[in-house]
Amino acid sequence: LGWSSGVSITVMGNMKDPNYLAAFLVPGFTYLFYSFLFSEKKRLKTLFISIVVFCGIFFTGSRGAFLGLVLSIGIIVSKIIFSGKISGRKVILFFLVMLSILFAYEILMNSRLAARMLDAESYTGNIRWVIWGKALQAFRKHPIIGSGLQSGSAFSRSSTRFVTHNCFIDILTGQGIIGICLFTVSFWGILSVKRENRYFMLAMMASFFTPLFFTNGYEGITFWLPMIFCYQISFYCKNNSCENLLFKNWNLRI
């Protein structure tokens, strides 16, 4: 049990921050859940593993990772509803997903983490809003080109003793409007895949990057590893079907 009453892991005597631990689990859930719904071979083991990963993320107590889960699930459900013609299979899948979400909600409501994860006041009253406000002073000083790497953390720590806890505020304060525009172009390029693959690509991007609104790591692997993965997935999905990437189509055992 960590500082947030959430669960983390200890490696060689060092407890890992639940926010960073959970951030790297969200894409795994999205990938497995999407595989179960849209690949040719339906395996209940894939659904079971995705549920286990979902619970693992929830019990870390990471709000950023939980929001990434909700957003990726919303995108996947949108594909069921809006992609192609309405069919009996889509209706059944939609209701199965809704029932699974309601079932999970009822189970998890009994957890002591429920108030932290599901109560809107726990988000609006979070200290991160104060931290981000202080960090943005670095952006206001040099809005066009930014104030340099870790300048946002320097401003926030001077008042709150905390770093920014937000990769994208680090970009805005460090590289300014120019930096944000360059990354916007990069993300648009990642999302520019075949039309049939856009829901998959958008869900993967949401799961990779939403948790980074709540963690640092722009200067290291925490931010750039997701960028590498998304570029690789996007490169494939520009000319091929994303379904060929799904785990159950690999003819491998889980």
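Predicted model: local features only at pLDDT ≥ 70, side-chain atom pairs only at ≥ 80, totals over all residues.
Which residues does Thr 164 touch, not counting residues up to four places away in sequence? The views below start from the whole chain and come back to that.

View 1. Local features need pLDDT of at least 70 here and side-chain atom pairs count only at pLDDT 80 or more, while totals for chains, interfaces and linings use all residues. Numbering runs from 1 along each chain as its sequence is written, and side-chain values use heavy atoms, with hydrogens and water left out. Helices (H or I, at least four residues) and strands (E, at least two) are DSSP runs, numbered from the N terminus. Of the 254 residues, 45% count as buried (under 20% relative accessible area; exposed is over 50%, partly exposed in between, with a 1.4 Å probe and protein chains only). Among contacts (heavy atoms within 4.5 Å) with a separation of 6 or more, 69% link residues 24 or more positions apart.

**View 2. Thr 164 sits in the loop between α10 (151-160) and α11 (167-191).** Thr 164 is buried, at a relative accessible area of 0%. And the answer to the opening question: Thr 164 touches Ile 131, Trp 132, Ala 135, Gly 152, Ser 153, Ser 156, Ile 169, Asp 170 and Asn 216. With Asp 170 there's also a side-chain polar contact of 2.7 Å (a pair of N or O atoms within 3.5 Å; within protein, one must be able to donate a hydrogen and the other to accept it, and residues adjacent in sequence count only if both atoms are side-chain atoms).

**View 3. Gln 150 and His 165 have positive phi.** Look for Gln 150 in the loop between α9 (137-141) and α10, and for His 165 in the loop between α10 and α11.

**View 4. Helices α12 (residues 198-209) and α13 (residues 221-237) have axes that come within 10 Å and cross at roughly 175°.** Axes are lines fitted to C-alpha atoms, for helices over the stretch in contact, and angles run from 0 to 180 degrees between N-to-C directions. The pair is therefore roughly antiparallel (over 145 degrees; under 35 is roughly parallel, 65 to 115 roughly perpendicular and the rest oblique). From α12 the contact includes Phe 200, Met 204 and Phe 208, and from α13 it includes Phe 223, Met 227 and Ile 233. By class, there are 13 nonpolar, one polar and no charged residues (Ala, Val, Leu, Ile, Met, Phe, Trp, Tyr, Cys and Pro are nonpolar, Asp, Glu, Lys and Arg charged, and the others, Gly among them, polar).

**View 5. Helices α4 and α12 have axes that come within 8 Å and cross at roughly 170°.** That makes α4 roughly antiparallel to α12. Among the residues that meet are Leu 71, Ile 75 and Lys 79 in α4 and Tyr 199, Leu 202 and Ala 206 in α12. This contact divides into eight nonpolar, four polar and one charged.

**View 6. The largest nonpolar core has 49 residues.** A nonpolar core is a set of buried Ala, Val, Leu, Ile, Met, Phe, Trp, Tyr and Cys residues joined through side-chain atoms within 4.5 Å. Phe 29, Leu 37, Ile 57, Phe 187, Phe 200, Phe 209 and Phe 223 touch the most other members. The largest share, nine residues, comes from α2. Apart from this core lies another, of five residues, among them Ile 131, Trp 132, Ile 169 and Phe 214.
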